[in-house]
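Here are my notes on this one, point by point. Have the model open while you read.

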Amino acid sequence: MNWKKNAIAAGFGLFRATRLHRLAGDLFRGRGVILTFHRVRPAQGKAFAPNAMLEITPAFFDAILTRLRENGLALVSLDEAMYRLVSSQGGPFAALTFDDGFRDCRDHILPILESHDAPGAFYIAPGLIDRSARLWWVELEEAIRRLDQIELDFEGARLALPSKSDEEKGAAYERVYQMLRGGSEERLLASVAELCAKAEIDPRDIVEANCLGWDELRELASHDLVTIGAHSMTHARLSGLQVEAARKEMSDSRARLEREFGQACRHLAFPYGDAGSAGPREFALAAETGFATAVTTRPGMIFPEHAGHRFALPRLSANGLWQDLATFDVLLSGAPFALWNGGRRLNVG
């Protein structure tokens with residue numbers, strides 16, 4: 001997908017060079033923004049890093065929070081953000097959200113939130129905390145890192161890819177990822193497990209190394225700045241499940257988190273969150289299950305019209321491939337999202 005990365009980079013370059021996003025003023029900024037983060041940790045310095053877009057450094061995270069306030073955005077909790085949206089009271093806002101319960105939440109994210117007195121919402125899939133669910137995209141990266149040849153049977157054909165150099169590993173990851181994401185969740189997990197077995201990797205060890213445990217999460221949840229939200233039970237692609245199974249993923253995760261932490265779980269983040277993973281059916285299920293909001297990974301700012309679509313909220317992703325404030329300013333203007341969404345303020349279909 002280098003072409004996609006290059007196209008996005010060219011787009012950012014055009015905005016920075018022409019300053020078109022500044023000329024637009026507040027036209028595309030909306031009422032506020034919900035930001036999404038996954039990993040916040042020191043740079044790993046690995047040439048083969050296919051999931052690098054999902055992580056930023058603590059220094060850049062700190063700079064983002066400073067820049068948000070410089071742009072006149074109040075750093076608020078999700079509950080306060082929704083109050084401002086629905087009531088039309090209060091000024092522009094930014095809500096910070098963090099997916100998957102990585103150890104970074106305790107080690108790097110919370111100390112920076114404390115230094116800025118900034119609330120954060122942490123979306124948790126209980127299966128990851130139980131070590132019964134899987135970080136399959138991390139498994140895939142680590143398996144390809146260890147293997148010199150990638151071999152898989154897929155839909156009656158044998159896939160064989162070289163995986164010795166970093167360049168070959170990157171190409172192999174992209175090929176396997178795109179192939180598996182287009183199929184069923186069951187097939188995806190089985191294929192990645194097959195590669196893990198060849199690479200002598202235990203998927204449980206991957207989750208253990210990367211995600212917090214229940215005791216650590218209870219300590220995090222007790223902090224005044226922290227809101228705990230649900231991320232389904234097993235981080236499943238909800239659109240690929242039957243309706244009752246999808247509803248159960250949502251309701252069981254909410255019930256488990258409320259039982260573990262003794263507090264209401266009002267907010268949901270759809271796993272993956274793209275249009276192919278969560279759509280109108282999932283939005284309706286989130287409402288039926290009793291959540292107050294649900295967020296996607298569809299890119300966009302929060303506009304007044306989103307008050308009527310609180311279960312299809314867009315987010316701005318802090319992408320690890322572009323860790324500079326000039327690019328972040330372009331995103332924060334909302335102008336790129338106006339282009340990507342074809343001029344629509346809402347993308348909820």
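Are F61 and F98 buried or exposed? Both F61 and F98 are buried (buried means under 20% relative accessible area, exposed over 50%, partly exposed in between, with a 1.4 Å probe and protein chains only).

1. Ground rules. This is a predicted model, where local features need pLDDT of at least 70 and side-chain atom pairs count only at pLDDT 80 or more, while totals for chains, interfaces and linings use all residues. Residues are numbered from 1 along each chain as its sequence is written, and side-chain values use heavy atoms, with hydrogens and water left out.

2. Aromatic pairs. Searching the whole structure turns up 10 aromatic pairs (rings of Phe, Tyr and Trp, the last by its six-membered ring, pair if their centres lie within 6.5 Å; planes under 30 degrees apart are stacked, over 60 edge-to-face, the rest tilted). The ring centres of F61 and F98 are 5.8 Å apart with planes at 80°, so this pair is edge-to-face. Because F61 sits in helix α3 (residues 58-70) and F98 in strand β5, the pair ties together parts that are 37 residues apart in sequence. Helices (H or I, at least four residues) and strands (E, at least two) are DSSP runs, numbered from the N terminus. F61 and F98 also belong to a cluster, linked by ring pairs, with F37 and F122.

3. A second pair. W214 and F261 have ring centres 5.9 Å apart and planes at 50°, so they count as tilted. W214 lies in helix α11 (residues 214-221) and F261 in helix α12, so here the parts tied together are 47 residues apart in sequence. W214 and F261 are both buried.

4. Strand β6. Look at residues 120-124: 5 of the 5 residues in β6 are buried. In a regular strand the side chains alternate between the two faces of the sheet. Here G120, F122 and I124 point one way, with A121 and Y123 pointing the other.

5. Neighbours of β6. β5 (residues 93-99) pairs with β6 in the parallel sense over 3 bridges (two strands pair if DSSP finds at least two bridges between them). On the β9 side (residues 226-230), 5 bridges join the strands, again in parallel. A121 is a handy landmark: T97 stands opposite A121, and A121 stands opposite T227 in β9.

6. The crossover. Together β5, helix α5 (residues 104-116) and β6 form a right-handed β-α-β unit. Right-handed means that, with the strands pointing away from the viewer, the path from the first strand over the helix to the second runs clockwise.

7. Salt bridges. The structure holds 29 of them (a side-chain nitrogen of Lys or Arg within 4 Å of a carboxyl oxygen of Asp or Glu). R106 and D107 meet at 2.6 Å, N to O; R106 is partly exposed at 36% relative accessible area and D107 likewise at 37%.

8. Along α12. In this helix (residues 243-261), D252 and K248 are 4 residues apart, about one turn, and their side chains form a salt bridge at 2.8 Å, N to O. E258 bridges to R254, with the closest N and O atoms 3.4 Å apart; these two are also 4 residues apart in α12, about one helical turn.

9. Charges over rings. The charged end of R254 sits over the ring of F291, 5.5 Å from its centre (NZ of Lys or CZ of Arg within 6 Å of the ring centre and within 35 degrees of the ring normal). R39 does likewise over F102, at 4.4 Å from the ring centre.
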